[in-house]
Amino acid sequence: MNAAVTTYRLPIRTLTEEAFAPFGVVLSAVPDGAPPPAGERVLDLSRGRPRFYVMELKDRPAQFSSITRHRGVTQSLAAVGGSPWLLAVAPPGDVDDPDARPTHDQIAVFRVPGDVAVLMYRGTWHAGPFFSGECMSFFNLELDDTNVVDHQSCSFDGLDFLAIEAEEES
């Protein structure tokens, strides 16, 4: 028996500070010695031991049927090597509610230029990074046990299967 598949095609948005504000902060280069921009001050790694690592991902086309969040920590991602990539996000909602979940119409997909990082607020739902090509590496800053103790995922309700694909804006 084949499950029904409902596919939503979401436009890929241009990443700007304003467009990304409901989900987190865009971190751009600043001169050495400059005071930290206000956005950097939302970084929260206070609930455990920080882990900064290079994460290698393979075969990640922009298509997903579930989304994840970390309720106890912010997370920062940036591409190694400067290539652009895609990230799907939805607002955190109630971070303290373990039953909270986004709907497909709350999801935004952004093209992240290779010369910036994104810092997602605690609880921001996310899927990705996505990219074309076989393999890509990312700088990842979270807690050393985030994916073990703080990894809330959900599939989308009311559907046998939901595939969400990013598409270029026309």
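Which residues form a nonpolar patch on the surface? I looked this up and found that F52, V54, V80 and F139 do, with about 340 Å² of accessible area together. A patch here is made of residues with over 30% relative accessible area and no salt bridge, and nonpolar side chains (Val, Leu, Ile, Met, Phe, Trp, Tyr) are joined within 5 Å. A salt bridge would be a side-chain nitrogen of Lys or Arg within 4 Å of a carboxyl oxygen of Asp or Glu, and the areas come from the Shrake-Rupley method with a 1.4 Å probe, with only the protein chains shown as cover for residues.

I noted that this is a predicted model, in which local features need pLDDT of at least 70 and side-chain atom pairs count only at pLDDT 80 or more, while totals for chains, interfaces and linings use all residues. Residues are numbered from 1 along each chain as its sequence is written, and side-chain values use heavy atoms, with hydrogens and water left out.

**Entry on the patch and its rings**

I checked F52 and found that it counts as exposed at 55% relative accessibility, whereas F139 is partly exposed at 32%. For these words I kept the cut-offs at hand: buried is under 20% relative accessible area, exposed is over 50%, and partly exposed is in between (1.4 Å probe, protein chains only).

I then counted seven aromatic pairs in the structure. F52 and F139 form one that is stacked, with 5.7 Å centre to centre and 10 degrees between the planes. F52 lies in strand β3 and F139 in strand β11 (residues 135–143), so the pair ties together parts that are 87 residues apart in sequence. Rings of Phe, Tyr and Trp (its six-membered ring) pair if their centres lie within 6.5 Å, and planes under 30 degrees apart are stacked, over 60 edge-to-face and the rest tilted. Strands are DSSP runs (E, at least two residues), numbered from the N terminus.

**Entry on strand β7**

Is strand β7 (residues 85–90) mostly covered or mostly open? I found it mostly covered, with six of its six residues buried. W85, L87 and V89 lie on one side, and L86, A88 and A90 on the other. In a regular strand the side chains alternate between the two faces of the sheet.

I followed the neighbours of β7 next: five bridges join β7 to strand β8 (residues 108–112), and the two run antiparallel. Two strands pair if DSSP finds at least two bridges between them.

Notes. Helix = DSSP H or I, 4+ residues; strand = E, 2+ residues; numbered from the N terminus. Patch = residues over 30% accessible without salt bridge, like charges linked within 9 Å, V, L, I, M, F, W, Y side chains within 5 Å.
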